[in-house]
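Subject: The structure we talked about

Hi there,

Here is the structure I promised to pass on.

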Amino acid sequence: MAVLIIGAGLVGSQVAKILVDAGERPLVMDQRLQRDVLADIVDLDRIDLVEGDVLRPLTLSAAITRGGIEAIVHTAAYPLLTLGAQRNPYAAIELNIMGLANVMEAARIHGVKRVVASSSSVLNRYQSGGEDGGDLSREEAVPRPNTFYASTKQAVESIGLNYAKSFGIEFAALRYCPVAGPWSGPGGGGPSGIFRAMVENAVNGREAVVPATAMEWVYSKDAAMATVLALRVASLGSGVFNITMGRIFRPEELEAELKRAIPGAKTRVEAQPEGSTWSGGDWKPADISRAKKILGYEPHYPMPRLLEDYAAWCRRALPRR
Ligand SMILES: NC(=O)c1ccc[n+]([C@@H]2O[C@H](COP(=O)([O-])OP(=O)(O)OC[C@H]3O[C@@H](n4cnc5c(N)ncnc54)[C@H](O)[C@@H]3O)[C@@H](O)[C@H]2O)c1
């Protein structure tokens, strides 16, 4: 299948690698290609690269035509995700929402069969409202996102699903939770960077700071595998899928896993912000049963394996830089 991957960062690079390992040659488009960093993940001789902006419909059209594209994986988002969008809401709204609209419109015009777009598990948490018992005649019946980033991801999901319904494009929005994994350039969200510093420091014998907050994580390789499954599954229909490890790690649990995976790691749990008493409370992990049933998704990297694999990559790849 001829696949266009838009956004060659933490997740997009791993999607490219899985396709290459399966003998495919994806076309990878990014506005700011980090060739050296990408080469740590995937053999650049086995992919086609194009520097291009998803906000430019003609560039997108040219890439689809050039590659005879049948399916698109859209991962491009405004840098630093939640943090970036809180700092620069207008630019994030423009890229995250109009980027997806351009992809769906291009898919419609060029007859692309399937689009798999990145959403986020922020939609499982950063919501307010939903207080009127589902009574749609009441203003607060429907929960609404309470960050700019989450607002853009809600738009991604609903615009994508409406294109699917109206024009027969198959569409999946994958709600990844915070993604951790190999990537040595700018990329990922705030939590991805914190996790990266933690693992790299542990590997290099420096103090590894474990984040103070309980978190749900997913390895970039699992997020990418779920993305490829959504590309390949015979009857996708259209829908939204949670893609996580399926459990929450409290700071002390993550610290214990880190010590287990990287013997001798010097660790410290970050202090809770002053006044914070929150410990995870009744926060439930995302329900991944739908992704398991429809996509055949199964997280292959539970926490100890994630940390071992990531640490092995750090030892292999980082000394070269
Ligand atoms: N990293 C996470 O923790 C996380 C969690 C949940 C959801 N997501 C979502 O998954 C997707 C991928 O995340 P990631 O961590 O790989 O992000 P990333 O920042 O590592 O990669 C995104 C890539 O998109 C590219 N890009 C930015 N603007 C572009 C444009 N105008 N045209 C073309 N390319 C452009 C960037 O150069 C970057 O290489 C995003 O949509 C993100 O919102 C990520």
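Before I go on, a word on the source. This is a predicted model, in which local features need pLDDT of at least 70 and side-chain atom pairs count only at pLDDT 80 or more, while totals for chains, interfaces and linings use all residues. Residues are numbered from 1 along each chain as its sequence is written.

Most residues other than glycine have a negative phi. L81 belongs to helix α4. L80 is buried, with 20 other C-beta atoms within 10 Å, and L81 is buried with 26 such neighbours inside 10 Å. The cut-offs are 20 or more other C-beta atoms within 10 Å of a residue's own for buried, 12 or fewer for exposed, and partly exposed in between, with C-beta atoms placed from the backbone.

Now the whole chain. Its secondary structure comes to eleven helices and 15 strands. The radius of gyration is 19 Å, close to the 20 Å that the globule rule gives for 321 residues, so the chain is as compact as a globular protein of that length; the radius is taken over C-alpha atoms, and the rule is 2.2 Å times the number of residues to the power 0.38. Of the 321 residues, 46% count as buried.

The sheet is open and has seven strands in the order β3-β2-β1-β4-β5-β8-β13, with parallel pairing; two strands pair if DSSP finds at least two bridges between them. β3 (48-51) and β13 (238-243) are at the edges with a single partner strand each, so one side of each has no neighbour in the sheet. From one strand to the next, the twist averages 20 degrees.

Strands β1 (residues 3-6) and β2 (residues 27-30) run parallel and are joined by three bridges. L4 has L27 as its bridge partner in β2, and I5 has V28. From β2, L27 and M29 point one way and V28 and D30 the other, and all are buried.

Helix α1 (residues 10-21) touches β1, β2, β4 (71-74) and β5 (114-120), and its direction makes about 160 degrees with that of β1. Helix α6 (residues 148-167) touches β5, β8 (170-176) and β13, again with about 160 degrees, here to the direction of β8. Contact means C-beta atoms, placed from the backbone, within 7 Å; axes are lines fitted to C-alpha atoms, for helices over the stretch in contact, and angles run from 0 to 180 degrees between N-to-C directions.

Finally, the ligand. Of the 29 residues around it, G7, G9, A77, S118 and G187 come nearest, where a residue is near if its C-beta atom, placed from the backbone, lies within 6 Å. α1, β5 and α7 (190-203) each supply at least two residues of the shell, and α1 gives the largest share, three residues.

Best wishes

Technical notes
Helices (H or I, at least four residues) and strands (E, at least two) are DSSP runs, numbered from the N terminus. Two residues are in contact if their C-beta atoms, placed from the backbone, lie within 7 Å.
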